[in-house]
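Hi everyone, thanks for coming.

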Amino acid sequence: MSDDLDATAKQLDRDHVFHSWSAQAGLDLPVIAGGSGTVVWDHAGNRMLDFSSQLVNVNIGHQHPAVVAAIQQQAAELATIGPATANLARGRAAQRILSKAPEGFAKVFFTNGGADAIENAIRMARLHTGRDTVLSTYRSYHGNTGAAIVATGDWRRMPNQYARGHVHFFGPYLYRTEFWATTPEEESARALQHLERVIQSEGPSTIAALLLESIPGTAGIMLPPPGYLAGVRALADKYGIVLILDEVMAGFGRTGRWFAFQGYDVVPDLVTFAKGVNSGYVPVGGVIISDAISATFDERVFPGGLTYSGHPLAAASIVASIDAMESEGIVENARRVGADAIGPGLRELEAKHPLIGEVRGEGVFWAMELVADRETREPVGADVIGKLKKELTSRGLMPFAADNRIHVVPPCVVTDAEVSQAMSIYDEALTSVEDDLF
């Protein structure tokens, strides 16, 4: 019977569900029927370690009982309400989020997810400055709506360029430096010089915002080199530009901090969030707004809104999630397990496997960059990544793959034993693929 349910789920999916970022013919997707913590399973009971956190969002783990109970309780009390009302769950959710933000932030605008958080942050920056242009990096992903996808730097932007006023620049990435740098310090200084020249060439008086992922996620989990984000802040101040930091993927424990930027001596003007704020149990996102930008709209109407802004089920899940992360030390666990287990484990794999060109990350936010040749750093092709994904899946690990990388991004609640199990699976899968290649 359980096998029948898996087959039925696959058939219904093939017949009726249109999937994102995919050619629809030939899709054969895994069935997930249930989950708990870091593990998911299908109807037949086949279990997999979820080292993708789905889309790097299930930070608190699957089916956390406190979050599930909070959603159930809120649904029994009040399942939905319009945004033009005051609601206790909504107010408490904003309060919990702001308690993790730096001083100088007192308001939250709620959205349905990360992409429309980016849209509204850009809108706020443009209205606040009276300027139009938004600068963002080529290696980035900010969402699949009008301005967010054009702010994105990867291939997904190219078929979707319908928004105006966007310019891209190169951020730091020492492994594949655009600046002929040989040290992190050189990469930082030269990337900042490049950015300032772009600002000057575009005309500072035209630029509303600098939009950056604090740590680029889907683009490769590239930790900012020393001084880079602080330098971007200085340039934004110098030219009167709003600094938006995208924490949609990197926020709420993923790096072992509440916000990734808190490790890099920088305070932005606007912070976008989603994903880990409630682990995606109910769709939600938002913008954390600095006092200066919030004041712009004290006497001026903000021309934006969403039917489900501050939805009570989402709000209740945020409160429960942040409270549980605090009381259970989940953010601290992410920091410790990254330093003590994931990082050392990946570096051992890097030393052993010629496919791995570099590992990088912190907390539960890591990437293995795979190369065909360590000397030339030529990226492996999609066929190699496809084989590796199959090897990992067949051994009971759900991977996250992007371009020539495997991202190691388990929930923040992952244990040392689960990391050890995952490292063994990565080792076996890499060995199998290398045996065919070399």
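Before we look at partners in the sheet, a word on terms: two strands count as paired if DSSP finds at least two bridges between them. Helices (H or I, at least four residues) and strands (E, at least two) are DSSP runs, numbered from the N terminus. Keep in mind that this is a predicted model, where local features need pLDDT of at least 70 and side-chain atom pairs count only at pLDDT 80 or more, while totals for chains, interfaces and linings use all residues. Residues are numbered from 1 along each chain as its sequence is written, and side-chain values use heavy atoms, with hydrogens and water left out.

So, the sheet. Its 7 strands are ordered β4-β10-β9-β8-β7-β5-β6, forming an open sheet with mixed pairing. At the edges stand β4 (105–111) and β6 (166–169); each has a single partner strand, so one side of each is left without a neighbour in the sheet. On average, neighbouring strands are turned by 20° against each other, direction ignored.

Let me zoom in on β8, residues 242–246, which runs parallel to β9 (residues 270–273) and is joined to that strand by 3 bridges. Within β9, L270 is the bridge partner of I244, and T272 is the bridge partner of D246. On the β7 side, the pairing with β8 is also in the parallel sense, over 5 bridges, and L211 stands opposite I244.

How many residues of β8 are buried? Here buried means under 20% relative accessible area, exposed means over 50%, and partly exposed lies in between, with a 1.4 Å probe and protein chains only. It is 5 of the 5, so β8 is largely enclosed by the rest of the structure. Both faces are covered, with V242, I244 and D246 on one side and L243 and L245 on the other.

Now the helices. Helix α8 (residues 228–239) lies across β6, β7 and β8, at about 170° to β7. For these angles, axes are lines fitted to C-alpha atoms, for helices over the stretch in contact, and angles run from 0 to 180 degrees between N-to-C directions. Together, β7, α8 and β8 make a right-handed β-α-β unit: with the strands pointing away from the viewer, the path from the first strand over the helix to the second runs clockwise.

On to the interior. A nonpolar core is a set of buried Ala, Val, Leu, Ile, Met, Phe, Trp, Tyr and Cys residues joined through side-chain atoms within 4.5 Å. The largest one has 102 residues, and those with the most contacts inside it are I97, L210, M368 and Y426. Helix α10 (residues 312–327) gives the most to this core, with 9 residues. Of the 16 residues in α10, 13 are buried, and the helix is followed by G329, whose phi is positive, near 65°.

I'd like to end with T218, in the loop between β7 and α8. Is T218 buried or exposed? Its relative accessibility is 16%, so T218 counts as buried. Taking contact as heavy atoms within 4.5 Å, and not counting residues up to four places away in sequence, T218 touches Y141, R156, M249, F400, A402, R405 and H407.
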